[in-house]
Amino acid sequence: MSIAKTGDHVAVHYTGKHTDGSVFDSSVGNSPLEFQLGSGMVIKGFDDGVTGMTIGEKKTITIPAAEAYGEHSPENTVTIERNQIPAHIPVELGVTLNMHQEGGHVIEVTVTDLSDTHVTLDANHPMAGKDLTFELELVAIK
């Protein structure tokens, strides 16, 4: 019986849920997720959860925010004057924008608050600060 270990290429079916039980992503009905264990291709908690599984095994894991997308960091939120955003760019709550930083680095930010004069932009991952639950099934080890 083969056991998934660091360096293995694996195929996994998963359903990801928030703590309230709402589904945010799933591979069920589609192709399984394929990745190399220990390579950083998936969040650490997901990688750790698959490690040690056998083909056909199913289990449910809960990943604390720190091992998922990290804690929500207030330092990654900024409020700017609305006129700093070009007029042709739509500004609405929940919209994701690309923000260009010095050196040409581009980061995605989400509009989290706005008024007639100011816009609050959040560069945290949308799932930062959230514990996540995954139902896993190891389909293959390659």
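Let me begin with a term: by contact I mean heavy atoms within 4.5 Å. The model is a predicted one, in which local features need pLDDT of at least 70 and side-chain atom pairs count only at pLDDT 80 or more, while totals for chains, interfaces and linings use all residues. Residues are numbered from 1 along each chain as its sequence is written, and side-chain values use heavy atoms, with hydrogens and water left out.

I start with His-13, which is found in strand β1, residues 9–18. Helices (H or I, at least four residues) and strands (E, at least two) are DSSP runs, numbered from the N terminus. Which residues does His-13 touch, not counting residues up to four places away in sequence? They are Ser-27, Val-28, Asn-30, Ser-31 and Pro-32, together with Glu-135, Leu-136, Glu-137 and Val-139. With Ser-27 there is also a polar contact between the side chains, at 2.9 Å. A polar contact is a pair of N or O atoms within 3.5 Å; within protein, one must be able to donate a hydrogen and the other to accept it, and residues adjacent in sequence count only if both atoms are side-chain atoms.

I turn now to charged pairs. Side chains of opposite charge can pair when their charged atoms come close. A salt bridge here is a side-chain nitrogen of Lys or Arg within 4 Å of a carboxyl oxygen of Asp or Glu. How many salt bridges does a search of the whole structure find? The search finds four, and I shall discuss some of them.

One is formed by Lys-5 and Asp-8, whose closest N and O atoms are 3.3 Å apart. Accessibility is classed as buried under 20% relative accessible area, exposed over 50%, and partly exposed in between, with a 1.4 Å probe and protein chains only. Lys-5 is partly exposed at 48%, whereas Asp-8 is buried at 11%. Asp-8 is found in the segment before β1. A polar atom of the Asp-8 side chain also lies 2.9 Å from the backbone nitrogen of Lys-5. Beyond four places in sequence, Asp-8 touches Ile-3, Phe-35, Gln-36, Leu-37 and Ile-141.

Another salt bridge joins Glu-34 and Lys-142, with the closest N and O atoms 3.1 Å apart. This pair links distant parts of the chain, 108 residues apart: Glu-34 is in strand β3 (residues 33–36), and Lys-142 is in the segment after β9 (132–141). Glu-34 is partly exposed at 47% relative accessibility, and Lys-142 is exposed at 57%.

In helix α1, residues 44–50, Asp-48 and Lys-44 are four residues apart, so about one helical turn separates them. Their side chains meet in a salt bridge of 2.6 Å, N to O. Asp-48 is partly exposed at 37%, while Lys-44 is exposed at 51%.

Next, the interior. A nonpolar core is a set of buried Ala, Val, Leu, Ile, Met, Phe, Trp, Tyr and Cys residues joined through side-chain atoms within 4.5 Å. The largest such core has 20 residues, and those with the most contacts inside it are Val-10, Phe-46, Val-50, Phe-134 and Leu-136. The elements giving two or more residues to this core are β1, α1, β4 (58–63) and β9. Strand β9 gives the most, with five residues. Outside its sequence neighbours up to four places away, Val-50 touches Ala-4, Val-10, Val-12, Phe-35, Leu-37, Leu-136 and Leu-138. A second, separate core has eight residues, including Ile-85, Leu-97, Val-109 and Val-119.

Finally, the domains. Domain 1 covers 3–70 + 128–141 and domain 2 covers 74–122, with bounds that come from an automatic or database domain assignment. Their centres, taken over C-alpha atoms, are separated by 32 Å. Ala-128 lies in the loop between β8 (118–122) and β9, and is buried at 8% relative accessibility. Leaving aside neighbours within four places in sequence, Ala-128 is in contact with Tyr-69, Gly-70, Glu-71 and His-72. By contrast, 28 Å separate the C-alpha atoms of Ala-128 and Asp-116, which are twelve residues apart along the chain.
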